[in-house]
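Please take a look at the model, then read on.

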Amino acid sequence: MSTLERRYRRLLALGPRDHREQHEEEMLGVLMTDAGERSWPSARETVDLPWAALLLHLRRVFATDGGIVHRDVFAIVSLLGPVAILAGATTGLHELAWWIKVEGFVGGLSTIPWWTQFPDASVWLVWLAVAVLSVRRMRRTAAVGAWLGTAGLVGLAIFAPYSTCGSRGRRDGCCWAR
Amino acid sequence: MIDGALREPTFLILTALAARPQHGYGILRDVEEISDGRVRLRAGTLYTALDRMGADGWVAVDREEVVDGRLRRYYRLTDLGAARLEAEVRRLRAHTRAAEQRLRARPQGGTI
């Protein structure tokens, strides 16, 4: 297998499984014929193939062709779920930015009371790992991570220390005395 | 059947298949020729369109062959696809006729 073929296969691997099984060899033939002497996919192909893969996934998920492929639904949910949960970490990032702004980068990171200010940081890391595993199609490991991440979120909701003020309150000395 | 206008790539792919079955690479080249070099489809766009048109019953696999160790699959226009293309041609012709009539009715010399 040539280097170019391997690169094309990597891009084609982004498409839905049923489409790959039916069309991958054929598409590879078209791409290789069109490539000539190139050793890399063209810039347009590098954009076109992932975009086509996304459209094919969406068509299957939203049943615009009349049928739902449940496996693809799970694949999309397993990716979007962690992304949605990670979006909740933005408040924490604002906190982190405040500490770094006030104390400097090293000082901020070393003086942050991590457990009280970021009790769920470890859970975010788990969900980030789940998102990466989903993209890499390691679905079983991603599923285990998702269960651990969910258990972590539930556990934190019950046991995490309760903080009544954010950076503004801290600045006014309402919450945490240094 | 959807009655809205066809997107240009869809129209050109159906046109490329109207006279005879063609394989993927042949469709890409033919679309380029039909559009006088203006539309150059990529493989991803072509196979996304074929996937949709196959699901709609407009195109079907005609035959397969292996050339230089590579699979070639030929696609043909179905009767449903031909009817859809004819409907689009009628729609475009009506619009073209209307445009021509309005242009003829335009005052000579134009306006500033």
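This is a predicted model: local features need pLDDT of at least 70, side-chain atom pairs count only at pLDDT 80 or more; totals for chains, interfaces and linings use all residues.

Residues are numbered from 1 along each chain as its sequence is written, while chains are lettered from A and ligands numbered from 1 in the order in which they are written.

**Chain A on its own**

- Chain A has ten helices and zero strands (DSSP runs, numbered from the N terminus: H or I of at least four residues for helices, E of at least two for strands).
- Of the 178 residues in chain A, 23% are buried, a word used where 20 or more other C-beta atoms lie within 10 Å of a residue's own.
- Among contacts in chain A with a separation of 6 or more, 60% join residues 24 or more positions apart (a contact has C-beta atoms, placed from the backbone, within 7 Å).

**Where the chains meet**

- Chain A brings 21 residues to the contact and chain B brings 16 residues.
- On the side of chain A that touches chain B, helix 2 (17-35) and helix 3 of chain A are the elements giving two or more residues.
- Helix 2 of chain A gives the largest share of that side, ten residues.
- That side of chain A divides into eight nonpolar, five polar and eight charged residues (Ala, Val, Leu, Ile, Met, Phe, Trp, Tyr, Cys and Pro count as nonpolar, Asp, Glu, Lys and Arg as charged, and the others, Gly among them, as polar).

**Helix 3 against helix 3**

- Helix 3 (residues 43-61) of chain A and helix 3 (residues 43-55) of chain B pack at about 20°, their axes 8 Å apart (axes are lines fitted to C-alpha atoms over the stretch in contact, and angles run from 0 to 180 degrees between N-to-C directions).
- The two helices are therefore roughly parallel, the word for angles under 35 degrees.
- Residues making this contact include A:Trp51 and A:Leu55 from chain A, and B:Tyr47 and B:Arg52 from chain B.

**Inside chain B**

- Helix 1 (residues 8-18) and helix 3 of chain B have axes that come within 10 Å and cross at roughly 75°.
- These helices are therefore roughly perpendicular, the word for 65 to 115 degrees.
- Among the residues in this contact are B:Ile13 of helix 1 and B:Met53 of helix 3.
- The contact has five nonpolar, two polar and no charged residues.

Technical notes:
Angles under 35 degrees count as roughly parallel, over 145 as roughly antiparallel, 65 to 115 as roughly perpendicular and the rest as oblique. Two residues are in contact if their C-beta atoms, placed from the backbone, lie within 7 Å. A residue is buried if 20 or more other C-beta atoms lie within 10 Å of its own, exposed if 12 or fewer, and partly exposed in between; C-beta atoms are placed from the backbone.
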